[in-house]
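Me: I would like to go through a structure that is new to me. Could we begin once it is on display?

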Amino acid sequence: MKERAKGDRSVDDRYSQWKSLVPVLYDWLANHNLVWPSLSCRWGPQLEQATYKNRQRLYLSEQTDGSVPNTLVIANVEVVKPRVAAAEHISQFNEEARSPFVKKFKTIIHPGEVNRIRELPQNSKIVATHTDSPDVLIWDVEAQPNRHAVLGVQSSRPDLVLTGHKDNAEFALAMSPTEPFVLSGGKDRSVVLWSIQDHISSLSTDTALGKSPSPSINSKQSPKVTGNNDKPMDSPSIDPRGVFQGHDATVEDVTFCPSSAQEFCSVGDDSCLILWDARTGSAPVVKVEKAHNADLHCVDWNPHEVNLILTGSADNTIRMFDRRNLTSGGVGSPVHTFEAHSAAVLCVQWSPDKASVFGSSAEDGILNIWDYEKIGKKQEAVGSKGPSSPPGLFFRHAGHRDKVVDFHWNSSDPWTIVSVSDDGESTGGGGTLQIWRMIDLIYRPEDEVIAELDKFKSHILSCGS
């Protein structure tokens, strides 16, 4: 008990130090208290652009204790533009309060808790979810009716159910950036691939903000009932295009190759990273044994440099692999191992904006931002204390006080990140959602920053005289 109290105190100290630095480190930050934790957070489409802020959809969930139903939440977020917010305002928030920038727009009653949410890149109004069941659920969030979450209410009806797993598939979920393909992994140790192309009748090509017609999802299959939460769902279902076997334990995460819906990779509790190609059959193309020295929790494929793959593990590290040279002596041979977390890594994601930058979040409550181009250069990470920083680390987001279960870079608003923590009893329970953007002086080219600061210095001096 003393040990735990000591741990809580160090978390509180770290948090107080972080909050005091918010006006210096951040261009903008919104803190939103969640009554129920959300295990996933994803950006949806941008709805409108205004002078000082943009409005954008955000997908969240409510993981409840059963007193009210589990839900998939569609929120509207006002994303303040860079260099608009006043420094003193962004640090004046109450941890127990909801943010004025985040408003619930629609509630979908989800059959079972929402473990993961993924949006379709070609049309982010189409969303896939994982729950504690073998099925993947597909939702057209604009067409779904808004529901009131009260005990005993019937679950919302998914627009499509993807079947094919033989056991629960809880976390591993991805949608292809090139075609409407869905990928999933589960406790049955398999990776399953579907195409939902035929079932999305009107993927909108009209990208005009907020004007795209709502797509409808069609299926010619007969309705199927899937048992979940003892509530039947009368939804059309489709079978997989392929089932891929090669893992020896639960598959924890999957991701597509950014340039091909036929190529993908997966990681699991067998410490393996596996690359697959649907065109060559259902066996692994490359199986990397001992990619880490523990379970692998997450994987991401670089959208700009298609040879680079990131993995995160229960061994507290992130590894970067080059797919042209994955193994050495029969085991994983990473290009680099990134070490800064003090607990299991839960999520890794490449920046959509800069090829060498990525984020990682962990059970230690920290979200780290890395740049592999900085490896070998003398540097100090912003937001960390101590004389020297781990190679490649350049920013530590310490605004959460418990495990950071998910985060997502905003592709409509570069360098803006949404992150969510599942808060234990010591930090009040529920969850904390934060939307934040570090100050641009941290990531812009050094010569550019120095030039701007010099200009500012001469302006200050001229004001003084």
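This is a predicted model: local features need pLDDT of at least 70, side-chain atom pairs count only at pLDDT 80 or more; totals for chains, interfaces and linings use all residues.

Me: What does the secondary structure of the protein chain come to?

Reply: The protein chain has 3 helices and 32 strands.

Me: And how many of its residues count as buried?

Reply: The chain has 465 residues, and 55% of them count as buried.

Me: On to the rings. How many aromatic pairs are there?

Reply: The count is 18 aromatic pairs. One of them joins tryptophan 350 and phenylalanine 358, whose ring centres are 5.4 Å apart.

Me: Why is that pair edge-to-face?

Reply: The planes of the two rings stand at 70 degrees, and an angle over 60 counts as edge-to-face, so the pair falls in that class.

Me: Are those two residues buried or exposed?

Reply: Tryptophan 350 is buried, at a relative accessible area of 2%, and phenylalanine 358 is buried too, at 0%.

Me: What about tryptophan 409 and tryptophan 415?

Reply: Their planes are at 80 degrees and their ring centres 5.8 Å apart, so this pair is edge-to-face. Both tryptophan 409 and tryptophan 415 are buried.

Me: Which residues do ring pairs link into a cluster?

Reply: The cluster consists of Tyr15, Trp18, Tyr26, Phe93, Phe395 and Trp436.

Me: What lies over the face of phenylalanine 93?

Reply: That is lysine 19, at 4.2 Å from the ring centre. Elsewhere, arginine 57 lies over the face of phenylalanine 105, at 3.9 Å from the ring centre.

Methods
Residues are numbered from 1 along each chain as its sequence is written. Side-chain values use heavy atoms; hydrogens and water are left out. Rings of Phe, Tyr and Trp (its six-membered ring) pair if their centres lie within 6.5 Å; planes under 30 degrees apart count as stacked, over 60 as edge-to-face and the rest as tilted. Buried means under 20% relative accessible area, exposed over 50%, partly exposed in between (1.4 Å probe, protein chains only). A charge sits over a ring if NZ of Lys or CZ of Arg is within 6 Å of the ring centre and within 35 degrees of the ring normal. Helices (H or I, at least four residues) and strands (E, at least two) are DSSP runs, numbered from the N terminus.
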